[in-house]
Number of protein chains: 2
Amino acid sequence: MIPTIEWHGKQVRMIDQRKLPHKVGWHICRGYKDVVKAIEGMVIRGAPAIGVAAAMGLAMGAASIRVKSLDAFRDRFTRMADEMSKARPTAVNLRWAVERMSRVVEKGASGSVESVKKALRHESEKILAQDIEINKKIGRHGQRLVPKKATILTHCNAGSLATGGYGTALGVVRAAQEAGKDVAVLADETRPWLQGLRLTAFELMQDRIPVTVIADNAAGSFMRRKRVDLVVTGADRIAANGDVANKIGTYQIAVLAKENRIPFYVAAPLSTIDLTLASGDLIPVEERNPREISHLGDKTLGPSGVRAANPAFDITPSKYVTAIITEKGIIKPPFKTGIKRFF
Amino acid sequence: MIPTIEWHGKQVRMIDQRKLPHKVGWHICRGYKDVVKAIEGMVIRGAPAIGVAAAMGLAMGAASIRVKSLDAFRDRFTRMADEMSKARPTAVNLRWAVERMSRVVEKGASGSVESVKKALRHESEKILAQDIEINKKIGRHGQRLVPKKATILTHCNAGSLATGGYGTALGVVRAAQEAGKDVAVLADETRPWLQGLRLTAFELMQDRIPVTVIADNAAGSFMRRKRVDLVVTGADRIAANGDVANKIGTYQIAVLAKENRIPFYVAAPLSTIDLTLASGDLIPVEERNPREISHLGDKTLGPSGVRAANPAFDITPSKYVTAIITEKGIIKPPFKTGIKRFF
């Protein structure tokens with residue numbers, strides 16, 4: 001598997017996910033602003049992956065700060081961190097990573113600017129390595145929920161490309177296959193960006209895991225016809241009560257899973273849980289450019305001047321969630337107390 | 001409004017819906033086989049419209065039969081009728097129209113071949129004119145269900161372009177507007193063919209009815225956020241118990257409407273009701289080419305060789321349907337007895 005993002009000398013490079021699967025190529029970031037733009041423009045996406053990217057971007061940005069005093073350094077770093085944390089609003093991992101990097105700066109108060117820069121670079125490498133380890137743990141816990149032979153429905157891409165590597169929802173799929181289970185994936189194409197068709201199918205085909213893509217509007221029909229054994233998705237933010245913000249379309253899959261008595265699992269690292277928000281309705285939902293709906297690249301799909309609405313995420317109330325799979329184990333309802341126990 | 005389909009001398013011409021909204025142009029059919037192909041290839045689509053097209057195609061085909069004896073004519077006509085009724089499997093209006101045309105041939109047993117040909121042409125004109133009248137009646141009945149100010153969610157295109165004119169679901173919208181109500185439409189884009197984005201938005205924009213297009217996977221989120229007052233869709237076939245076959249995605253909208261206590265209405269002529277089928281699971285569901293999912297025109301969207309599944313319709317069990325709006329009035333549950341009363 002190609003790495004989603006990596007250090008390349010003093011630069012950060014990431015697979016340009018806008019161009020997958022047709023072109024597998026690096027997008028080079030030479031400064032932190034390049035990383036902010038890459039996150040905004042979805043060169044890299046997926047809650048854990050943009051957390052990793054933010055950390056690496058800040059380490060790169062810090063390295064370029066040309067000041068001698070730690071106070072001046074801290075000022076400049078704080079401005080960068082603010083900018084970085086605003087790149088996209090919904091995934092809390094971005095803010096989590098920025099805060100973790102900021103703590104390194106605070107801790108380094110007694111050292112030199114150079115030592116703090118080194119510590120930031122080291123921290124970003126640790127966040128990347130830990131993310132992959134966390135996903136493998138999520139996979140190990142989650143695969144216990146997968147029957148010996150199962151068709152798993154997933155939405156968007158919560159795979160290797162959405163993380164430092166291995167994936168959250170697709171980590172569960174990979175771990176189930178590694179455990180010798182006979183798994184197949186039904187992947188929602190996931191409009192408008194087609195992460196399911198372009199990224200999830202691509203990843204799984206590389207790993208020789210059987211995958212069939214369907215239109216988002218077909219998921220319910222497959223569930224009703226008993227063609228789905230379980231659903232696993234990732235998450236962009238989970239509130240303290242277990243409500244889940246994830247890619248637009250997740251809510252309706254969760255409702256349909258419940259209606260058809262199919263388990264609906266969310267696989268996510270603990271860094272996705274935002275204890276500061278009591279419920280999902282407090283999570284900011286990004287509204288993206290309506291052109292993503294009315295156009296494909298430069299090609300107009302609809303009538304000229306058509307109005308479109310393009311919320312990028314939705315909120316799934318916790319009552320539709322069967323369990324949350326984390327690196328520390330599986331959280332079952334009631335989520336409010338279950339989540340507390342994990343922190 | 002441009003007519004969906006019309007006689008042009010001895011030819012049948014229809015707006016080529018594959019090319020809308022970018023190009024508004026006629027597709028000319030010179031023989032009944034052209035009409036079969038046009039229905040198969042979705043030059044014209046929508047259950048009532050393909051019923052009208054089948055009738056016109058058969059009248060055109062009949063006119064070209066060069067025999068003197070009525071028996072020989074009947075043989076040739078029956079073969080054409082068989083071929084026509086197989087063009088697409090799900091919408092029962094196709095079979096309904098073919099049967100209605102076949103009855104004209106049976107009735108004409110005592111006349112000449114030429115008189116039967118004339119009667120067939122006349123019958124096809126009547127089917128077209130009646131379809132428009134029926135839709136206006138559906139609209140008048142249906143608009144009573146629309147609040148004074150309402151956002152109506154619809155799926156696919158059950159509009160003028162799906163019928164002889166005026167539309168079924170969009171007929172309800174048009175009638176509500178004509179009755180002075182303040183209506184706006186939320187249109188699912190409806191993958192993979194994008195009938196919502198390409199056709200519904202196009203029609204409504206021409207009529208200056210406010211329309212906003214959303215991805216199919218966003219419908220649930222809009223319902224949960226109370227941005228939808230009612231749902232109206234068309235139907236391709238309705239079983240005797242009220243189960244509804246309609247464009248893939250309808251089932252999940254119906255489930256989500258029920259979950260969010262939003263009325264879910266189906267607007268369709270009585271010719272869409274198939275009394276020979278006790279339940280929706282007996283309705284044949286067309287599986288179309290997976291390339292419609294993995295490609296856009298000639299452009300590959302997904303990885304090379306990706307597997308996709310492309311059911312074109314789904315079945316909505318009647319328990320999710322609030323009411324069926326027909327030209328004779330509104331059928332409410334229990335549908336089995338309600339439907340019987342209308343025949």
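1. Helix H6(A) is mostly covered, with 8 of its 10 residues buried, where buried means under 20% relative accessible area, exposed over 50% and partly exposed in between, for a 1.4 Å probe and with protein chains only. The buried residues of H6(A) are Ala169(A), Leu170(A), Gly171(A), Val172(A), Val173(A), Arg174(A), Ala175(A) and Ala176(A). Helices (H or I, at least four residues) and strands (E, at least two) are DSSP runs, numbered from the N terminus. Just after H6(A), Gly180(A) takes a positive phi of about 85°.

2. On conventions, this is a predicted model, in which local features need pLDDT of at least 70 and side-chain atom pairs count only at pLDDT 80 or more, whereas totals for chains, interfaces and linings use all residues. Residues are numbered from 1 along each chain as its sequence is written, chains are lettered from A and ligands numbered from 1 in the order in which they are written, and side-chain values use heavy atoms, with hydrogens and water left out.

3. Over all chains the structure holds 38 salt bridges, a salt bridge being a side-chain nitrogen of Lys or Arg within 4 Å of a carboxyl oxygen of Asp or Glu. One of them joins Arg174(A) to Asp207(A), with the closest N and O atoms 2.5 Å apart. This pair links distant parts of the chain, 33 residues apart, since Arg174(A) is in helix H6 (residues 169-178) of chain A and Asp207(A) is in the loop between helix H7 (195-206) and strand E6 (211-214) of chain A. Arg174(A) counts as buried at 5% relative accessibility, whereas Asp207(A), at 29%, counts as partly exposed. Also in chain A, a network of salt bridges links Arg88(A), Glu286(A), Arg288(A) and Glu292(A).

4. In chain B, Arg237(B) and Asp274(B) meet through their side chains in a salt bridge of 2.7 Å, N to O. Arg237(B) lies in strand E8 (residues 237-239) and Asp274(B) in strand E11 (residues 273-274) of chain B, so the pair ties together parts that are 37 residues apart in sequence. Both Arg237(B) and Asp274(B) are buried. Lys19(B) and Asp16(B) form another salt bridge, with 3.6 Å between the closest N and O atoms; here Lys19(B) is partly exposed at 39% relative accessible area, and Asp16(B) is buried at 4%.

5. How many residues of each chain take part in the contact between chain B and chain A? There are 56 residues of chain B in contact with 56 residues of chain A, contact meaning heavy atoms within 4.5 Å. The area buried between the two chains is about 4,300 Å², of which carbon and sulfur atoms give 60%; buried area is the accessible area (1.4 Å probe) that two parts lose on being put together, summed over both. Asn217(B), Arg224(B) and Gln252(B) supply 16% of the area that chain B buries against chain A, more than any other three residues.

6. The count between chain B and chain A is 4 salt bridges, and Arg224(B) forms a salt bridge with Asp281(A), where the closest N and O atoms are 2.8 Å apart. Several elements of chain B each supply at least two residues of the side that touches chain A, among them helix H7 (195-206), helix H8 (219-224) and helix H9 (250-259).

7. The loop between strand E5 (182-188) and H7 of chain B holds Pro192(B), and a cis peptide bond, with omega about 0°, joins Arg191(B) and Pro192(B). Leu194(B) is found in that loop between E5 and H7 as well, and has a positive phi of about 60° although it is not a glycine; Leu194(B) is buried, with a relative accessible area of 4%. Most residues other than glycine have a negative phi, and most peptide bonds are trans. Gln195(B) lies in helix H7 of chain B and is buried at 1% relative accessible area.

8. Chain A has its own backbone points to check. The peptide bond from Pro333(A) to Pro334(A) is cis, with omega near 0°, and Pro334(A) is in the loop between strand E17 (329-331) and helix H11 (335-341) of chain A. Arg261(A), a residue other than glycine, has a positive phi near 55°, and counts as exposed at 80% relative accessibility.
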